[in-house]
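Subject: Structure for your review

Dear colleague,

Please find below the structure that I am handing over to you. My notes on what was found in it follow directly after.

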Amino acid sequence: PIADNGTVTLGSSGDTFTMPSGVTVAGAMANTPAFYAYQSTTQTITTGTTTKILYQTEILDSDSNFASSTFTPTTAGYYLITVGLKCFSGSAEYFLVLRRNGSNYHTLRDEVFTNYQLSGSAIVYANGSGDYFDVSFYQDSGTTKTTTASQINTWFSGFRIIGV
């Protein structure tokens, strides 16, 4: 063990550290909390209504910070958040929105939605004591739309970025 009474320098410029498999990185150098969830059941989106997207299946939830389709990080820092949504449609205007504490934070917009898939990412800050993130979708096409439920089509994921 190294005592916490001074500075410890490991290696020098140009050195490489190799971590064998099975080593766990904890503390300030860990990219946690981290999560990945996806829709395993389709969801109907009503025209002209902002609808919270529901994610039924978790693949990863390192610190149990993902519940009820909402990510609530308990560690302060910057996070890389990614979202994706697929549904079949025609000409319309679509908005996939990452929300922070119930307010729009980052919006992906497509006027035609010709490829039927919206996806993107954002770097967000969370204070670690109450901030939460979720995803909503809005469409104005005149008819209801149904999301495509699968791991590669409708997802919500993120992790804490170390070193910032």
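A nonpolar patch, as the term is used here, is made of residues with over 30% relative accessible area and no salt bridge, whose nonpolar side chains are joined within 5 Å. Under that definition, Ile2, Val8, Leu10 and Phe17 form such a patch on the surface, and together they have about 450 Å² of accessible area. One of its members, Ile2, belongs to the segment before β1 (34–38). Ile2 has a relative accessible area of 61% and is therefore exposed.

Please note that this is a predicted model. The mean pLDDT of the protein chain is 87, and 93% of the residues score at least 70. Among the elements, strand β6 (residues 70–71) has the highest mean pLDDT, at 98, while strand β12 (residues 145–146) has the lowest, at 84.

Salt bridges

The search of the whole structure returned two salt bridges. In one of them, the side chains of Arg99 and Asp134 meet at 2.8 Å, N to O. Arg99 belongs to strand β8 (residues 94–100) and Asp134 to strand β11 (residues 133–139), so this pair ties together parts that are 35 residues apart in sequence. Both partners are buried: Arg99 has a relative accessible area of 17%, and Asp134 has one of 4%.

The side chains of Asp131 and Arg100 also meet in a salt bridge, at 2.9 Å, N to O. This pair links distant parts of the chain, with Asp131 in the loop between β10 and β11 and Arg100 in strand β8, 31 residues apart. Asp131 is buried, at 4% relative accessible area, whereas Arg100 counts as partly exposed, at 26%.

Strand β11 and its surroundings

Why can β11 be described as largely enclosed by the rest of the structure? Six of its seven residues are buried. Strand β8 runs antiparallel to β11, and seven bridges join the two; within β11, Tyr138 is the residue that stands opposite Phe95. Strand β3 (residues 51–52) also pairs with β11 in the antiparallel sense, over two bridges, and Lys52 stands opposite Ser136 of β11.

Asp134, already named for its salt bridge, lies in this strand. Leaving aside neighbours within four places in sequence, Asp134 is in contact with Lys52, Ser69, Thr70, Val97, Leu98, Arg99 and Phe156.

Strands β7, β10 and β13

Strand β7 (residues 77–86) and β10 run antiparallel and are joined by 10 bridges. Thr82 stands opposite Ser121, which is in β10. β7 also pairs with strand β13 (residues 155–160), again in the antiparallel sense, over six bridges; here Val83 has Phe156 of β13 as its bridge partner.

Ile123 is found in strand β10, which covers residues 117–126. Is Ile123 buried or exposed? Its relative accessibility is 53%, and Ile123 therefore counts as exposed, the cut-off being over 50%. Apart from neighbours within four places in sequence, its contacts are Tyr78, Tyr79, Leu80, Tyr105 and Ile161.

Backbone geometry

- Thr32 and Pro33 are joined by a cis peptide bond, with omega at about 5 degrees. Pro33 lies in the segment before β1.
- Ser64 is not a glycine, yet its phi is positive, at about 55 degrees. Ser64 is placed in the loop between β4 (57–61) and β5 (66–67), and it is exposed, with a relative accessible area of 64%.
- Ser68 likewise has a positive phi, of about 50 degrees, although it is not a glycine. Ser68 is found in the loop between β5 and β6, and it counts as exposed at 64% relative accessibility.

Yours sincerely

Key. Residues numbered from 1 in each chain as written. Predicted model: local features only at pLDDT ≥ 70, side-chain atom pairs only at ≥ 80, totals over all residues. Heavy atoms only, no water. Helix = DSSP H or I, 4+ residues; strand = E, 2+ residues; numbered from the N terminus. Buried < 20%, exposed > 50% of the residue type's maximum accessible area, 1.4 Å probe, protein only. Contact = heavy atoms within 4.5 Å. pLDDT = per-residue confidence, 0-100. Patch = residues over 30% accessible without salt bridge, like charges linked within 9 Å, V, L, I, M, F, W, Y side chains within 5 Å. Areas by Shrake-Rupley, 256 points an atom, 1.4 Å probe, with all protein chains shown as cover. Salt bridge = Lys/Arg side-chain N within 4 Å of Asp/Glu carboxyl O. Pairing = 2+ DSSP bridges.
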